[in-house]
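Me: I'd like a close look at one part of this model: the charged pairs. Could you walk me through them?

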Amino acid sequence: MCKYFVIYIMVCMITSARADYIFELASEYNVGDGSLTAVVCMEGGYFNDDAYPDIAVICFTAGSSYLYTLLGNGDCSFDMLTTDLFDYPLGSITVNDFDNDGYDDLLIGEGYAVHNLPEPPFEEDLIHLFKGNGDGTFTELDTLHVMNVWVTSGDLNNDGDYDFITASQGTSLTGDTISVFLGNGDFTFQETENYEIIARILHTVQILGDMNLDGNVDIGVLGLDGSIRFLYGNGDGTFQPLVTVVYDFPCGPSYCFLDSGDFDEDGIPDFVATCGGFMAGYDVVFLWDGDEYIRSDSLTSFGEWVEVEDFNLDGHLDVAISAYIGSIVYPGYGNGSFSHHADSLLFLNTEYGTYGMISEDFDLDGDFDLIISEHYPYIPAYIRCYQNTTINLGVEEHESGSMSDLFLEVSPNPFSSSVTVSASGFTSNPSDLQIFDLSGRLVIEIEPAFSGSEAVYQWNGRSASGAVLPDGIYSVRLSSDDSNTGVMLLKLE
C-alpha cells in the first residue's frame, strides 16, 4: 500500500488539554444533488503518487448514487474529481490495496443502513470491486455475489494481503451472519467461514485489532438485542465461537460503531460503542477490568460514527463522535473517564446534522484533523474538513514535578533507529517503560538498566515481536508508586 509518514514538528512532553484548543473549518465540498441526499459512507486512503491523504465518498439521492474522490493537497484542502454516477445503490465502502500495486482500491457493497425506523437496513447481494488507477480515478473490475449490509476490510491472517468481512441479514429476527473472505493479493478472494449471530446485527461490523493480546486480529459486532459480541481471531483467517462481552447496551435505530483504544492506560485494549440515534441509550466507554468489560463513562445519547485518537496531544486518548445534532470531541483523562465540562469539550462548529467521520493528519503537521459529512433532507450535502489547531496554538512543555516527581530525559528526539529515555526522581524502582502507538495499542515494554540514580531505557523502534514500526508519534509512559509521567517520541527515517 502506498502509505506515507510525514511529520514536520516534534512534540515535547505535554500536559493536560488546553482550553484554547479548537477545530477550525478549513474546506468544504458539495456532494449529491440536494434531493434527499445522504452521505452513506466515507473512507480515507492514498489514491495517487503524492504524500497526502485522500478520501473516497459515496452517497445516494432518490434513485441515483454517486462516488466522489477528494485528493488531498496536504493543507486540509482537496481537489474533488468529477463524480461517477451509478444507477444501482452504493452502500458501505472499504479502502485498501487489494492487488498490491501500491495504490488503494475500493470495495463497495450495495447494502446499506437507513436512519429511520421502522425500515430495516437494506441488504443487497452485490459487492463492486474498483481498482485504483494511481491518479485518483477507479476502474470497476468485477462484482462479487455476496449478501451484505456492511463491508469492511483488513489483514485477518497476517499474510500481507487484505481480506474483507460482511454483515448480512438472516431470514428471521435471529440468525444474521458475518462472512469472512481472504484476499489472494490480486483482487480475488476466497470465502472461509460464516459465523451466525443469534440476534439481528445492527448495521455494522468492525475489525477492532487485537483485543485479547494474543497477536491476532479480532472482530466486534453490535446486536439489536443490546449485545456486543467479539469474534476472537486465530491468526489464520478463522475465528473462535462468538463471545458476548456486553449484554445490555441499548442501541439503534441508525448506524452504531465500535472503536478500540487503551483508555485507562493499563496496557489492555478497551472500546467505545455508539448508540446509533436518539431513540437508544448512551454512547459508552467499556474498560476491561481483568474479568469483564465494565462501563466507565457515558458520552452522548445520539452518537453514530466514532474516531479514537489523541486529538489534543496530551498523551491520553480522546473520543470524537458524530451525531445528528453535531459532532463533539471528548478529551480523555487517561483513567477511562472523559471531560464533560463545557469549557473543555471540543465542539465543532457544524451547520447541519453530522454523520460520516474520518480522522487523519490531513495537513501533515502532527495532529489529527477531522472530515465530517453534513446534511439534512432537501438541502445540499457537504463534506467538510475541520483542521486541528493544537500544533498551531503550541503544545505546552512538561515542567519537572508539575505532574509527578518523575522526570524523563530523551535523546535524541526525533530519532531514527534508537532512542534513550532516562528517568530520575523516583523513590522506588520505576516500572517497565511502556510505549504505545497513537491508537493506544501497547507496542512494547522495556525493562530499565540503572546508572547511578537514573533508570535508563533503550528502544530500537521495534515492537515486542521485533517488527520495525512505522514512522510517527509514539507515547511513552512510566510510573513509580503513586507518580507517573509521559513523553512523546517522534520516529523518523
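Which residues are linked in a network of salt bridges?

Reply: Happy to. This is a predicted model, so local features need pLDDT of at least 70 and side-chain atom pairs count only at pLDDT 80 or more, while totals for chains, interfaces and linings use all residues. Residues are numbered from 1 along each chain as its sequence is written, and side-chain values use heavy atoms, with hydrogens and water left out.

The network you asked about joins Glu28, Glu374 and Arg384. A salt bridge here is a side-chain nitrogen of Lys or Arg within 4 Å of a carboxyl oxygen of Asp or Glu. By that rule the count comes to 6 salt bridges.

Now for some individual pairs. Lys131 bridges to Asp101, with the closest N and O atoms 2.8 Å apart. Lys131 sits in strand 9 (residues 124-132) and Asp101 in the loop between strand 7 (93-96) and strand 8 (105-109), so the pair ties together parts 30 residues apart in sequence. Strands are DSSP runs of E, at least two residues long, numbered from the N terminus. Lys131 is partly exposed at 23% relative accessible area, and Asp101 is partly exposed at 32%. For reference, buried means under 20% relative accessible area, exposed over 50%, and partly exposed in between, using a 1.4 Å probe and protein chains only.

Asp225 and Arg229 make another pair, their closest N and O atoms being 3.5 Å apart. Here Asp225 is partly exposed at 43%, whereas Arg229 counts as buried at 11%.

Then there's Arg295 with Asp248, at 3.6 Å between the closest N and O atoms. Arg295 lies in strand 22 and Asp248 in the loop between strand 18 (243-246) and strand 19, so this bridge connects parts 47 residues apart in sequence. Arg295 is partly exposed at 42%, and Asp248 is exposed at 52%.

Strands 19 and 22 are the edge strands (258-261 and 293-298), each pairing on one side only, in an open sheet of 4 strands ordered 19-20-21-22 with antiparallel pairing. Two strands count as paired if DSSP finds at least two bridges between them. In this sheet, strand 20 (residues 270-273) and strand 21 (residues 284-288) pair in the antiparallel sense over 3 bridges, with Ala273 opposite Val284 in strand 21.
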